[in-house]
Amino acid sequence: MPQFMDVHRGMMDITADQLNQAHQADLAIEKEEGVHFERAWADPRSGTVYCLSEAPSAEAVQRIHERAGHRADEVHPVPLTV
């Protein structure tokens, strides 16, 4: 299944607990779109959050994030990893 990296901006001062809550909100509904969120990272100083997922499409990733209450600013395919 294709992988995607999405980026959320404006999440200044996000805490580990808040990041976990957002990730859990995605996990709770991800199967409805055939998505699996693998991991999330955050930089509280810049307010940037990154999420890695496997999904049928970027649109499916975005739909889950929107429904969970944190729309991604960007969703990028990750066609090559090492």
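H65 touches D6, H8, D26, F37, C51, H70, R71 and A72, leaving out residues up to four places away in sequence; contact means heavy atoms within 4.5 Å. The model is predicted: local features need pLDDT of at least 70, side-chain atom pairs count only at pLDDT 80 or more, and totals for chains, interfaces and linings use all residues. Residues are numbered from 1 along each chain as its sequence is written, and side-chain values use heavy atoms, with hydrogens and water left out.

**H65**
- H65 sits in helix α2 and is buried, with a relative accessible area of 0% (buried means under 20%, with a 1.4 Å probe and protein chains only).
- The side chains of H65 and D6 are joined by a polar contact of 3.0 Å (a pair of N or O atoms within 3.5 Å, one able to donate a hydrogen and the other to accept it; residues adjacent in sequence count only if both atoms are side-chain atoms).
- D6 has C51 in β3 as its bridge partner.

**Sheet**
- An open sheet is formed by 4 strands in the order β2-β3-β1-β4, with antiparallel pairing (strands pair if DSSP finds at least two bridges between them; strands are DSSP runs of E, at least two residues, and helices are runs of H or I, at least four, numbered from the N terminus).
- β2 (36-43) and β4 (74-77) are at the edges with a single partner strand each, so one side of each has no neighbour in the sheet.
- β1 (residues 3-8) pairs with β3 (residues 48-54) over 6 bridges.

**Helices**
- Helix α1 (residues 16-29) lies across β2 and β3, at about 160 degrees to β2 (angles run from 0 to 180 degrees between N-to-C directions of axes fitted to C-alpha atoms, for helices over the stretch in contact).
- Helix α2 (residues 58-68) lies across β1, β2, β3 and β4, at about 45 degrees to β1.

Terms used:
Buried < 20%, exposed > 50% of the residue type's maximum accessible area, 1.4 Å probe, protein only.
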